[in-house]
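This briefing accompanies the model shown below. The points are grouped by topic for reading alongside the structure.

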Amino acid sequence: MKSKLLPAVALVTAVATVPVATGAMAASDTATYRQLDQFLDVYNRVKADYVDKVTDDQLIKGAIDGMLAALDPHSSYVDASDFDNLRIQTEGNYGGLGLTVSMEDGAVKVIAPQEDTPAGRAGIKSGDFITHIDGKLIYGGTLDEATAQMRGKPGTKVTLTLIRPGRDKPIIVTLQREVIVQRPVKWEVKGDVGYININTFSEQTGADTRAAIMAIDKSLGHRPLGYVVDLRENGGGLLTQAIEVSDAFLDRGEIVSQRGREKDDIERYFARPGDDAHGLPVIVLTDSGTASASEIVAGALQDHHRALVMGERSFGKGSVQTLLQLGPRTALRLTTARYFTPSGRSVQEGGIEPDIKVPQLSDPDYKSRPVFREADLRRHLINEIKSPDNAVLEEDVKDDPRFATTPESLKKQGIEDFQLWYALKTIARIGGAQQVAAVTQAMTIKPTAAVAPTTPKPAGK
């Protein structure tokens, strides 16, 4: 499990060790001092008169958490346990279920299940709420307490009670904990089409993406017809790795820019010469769980007309968090900039709109299950640069006949992932009917996935 430091929706982290300024108080005016006096009065009253004894640590941490919570959903105080979770996500592995979760109004909410983990295989979905662990109500507790209960020794079992919006009854699943290994990139060959699944942006994601491209060439003995890059349910990660992945498919041009508080506080990142994919066609798959670093990649490839974005509108997190070191194992995770795609678009709130909208028809709950995005979060940053509203011009009242099929009919055909099947067939059409047939067969047989070379570093619990 990952704690609240690492929700899928809260990443694209420009990690930096930056000393915290101490001169700010010198510029404070009289009104500020009065407010600080008021804060100390409240602090002393609570400590003296609250019904239970409270420690200085409790009150100070609570004050810090409250101050940061008033800013935006992604700024937070990083304590020792959060440091451990950050290390787990970017470097190592742990014993658990493979879930990314956050806290919402006292309830534990699933951001995304990791593929090929107990949670993913059990059918847990983004937007589910975990109400009980081993029959005990966890509502009102802390996220750290919940994640600690879900982690544990591989081979042991844990039972979760889930509430899924749109379902009348709770869902109860019993899972067996496993060693959750961080494999940010997986690849497969389907027909003559290369499939690259990027599920997080950790330290090795850029290198593993390039390795996947080379491995696909080697597996086929020649270059593929093209690539499908799957960024669905990828909540992001390190900004540097989003740039590296984009650079693997671009030969030149800007990838992303980040802009701070001041107008001249702009930093731009550019692609280096050389396209690892040799200019071959690329389709990027997105959905409402595609967030942050994933949106940087999708936006860069879309703006440069290097890839066709397919699927559903992405999450819409267009902010960058910087880790400001406070102590040996504590830090301030602060939103310090907004990022923009090469054409100057901010994806904050709105997200990346796909070039071709493809619903996930193989999911029986896709129509009834509510979708959560950045704009649904309290105190989310406002997009100050709004894109033109072309909804009226683009509205099509006719149903697309290609998307009239049902989950039941797809299941009978052996198609478990309609969006992926549709994307692969789109690339396969370049090679003609024979390649379309080969991809269709590969999707229904469901071969064992290969994994791009990576050596996870041991860490975590």
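This is a predicted model: local features need pLDDT of at least 70, side-chain atom pairs count only at pLDDT 80 or more; totals for chains, interfaces and linings use all residues.

Most residues other than glycine have a negative phi.

- Glu233 lies in the loop between strand E13 (226-230) and helix H7 (239-249).
- The phi of Glu233 is also positive, near 55°, in a residue other than glycine.
- Glu233 is partly exposed, at a relative accessible area of 27%.

**The chain as a whole**

- Twelve helices and 21 strands are found in the protein chain.
- Of the 461 residues in the protein chain, 50% are buried.
- The protein chain exposes about 22,600 Å², and 54% of this area is supplied by carbon and sulfur atoms.
- Considering contacts between residues at least 6 apart in sequence, 73% join residues at least 24 apart.

- Strand E11 (residues 185-190) is largely enclosed by the rest of the structure, because five of its six residues are buried.
- E11 pairs with strand E12 (residues 193-198) in the antiparallel sense, over six bridges.
- Lys186 stands opposite Asn197 in E12.
- Two residues lie between the strands of this hairpin, in which Gly191 takes a positive phi near 65°.

- Helix H11 (residues 418-428) has ten of its eleven residues buried, so the helix is largely enclosed by the rest of the structure.
- The buried residues of H11 include Phe418, Leu420, Trp421, Tyr422, Leu424 and Ile427.
- Gln419 and Lys425 are also among the buried residues of H11.

**Leu361, a buried loop residue**

- Leu361 is found in the loop between strand E20 (356-357) and helix H9 (391-394).
- The relative accessibility of Leu361 is 0%, so this residue counts as buried.
- Leu361 and Phe418 are 57 residues apart along the chain, and their C-alpha atoms are separated by 5.9 Å.
- Not counting residues up to four places away in sequence, Leu361 touches Tyr366, Phe403, Thr405, Thr406, Pro407, Leu410 and Phe418.
- Phe418, one of the residues that Leu361 touches, is itself buried in H11.

Technical notes:
Residues are numbered from 1 along each chain as its sequence is written. Side-chain values use heavy atoms; hydrogens and water are left out. Buried means under 20% relative accessible area, exposed over 50%, partly exposed in between (1.4 Å probe, protein chains only). Helices (H or I, at least four residues) and strands (E, at least two) are DSSP runs, numbered from the N terminus. Contact means heavy atoms within 4.5 Å. Accessible areas come from the Shrake-Rupley method with a 1.4 Å probe; for residues, only the protein chains shown count as cover. Two strands pair if DSSP finds at least two bridges between them.
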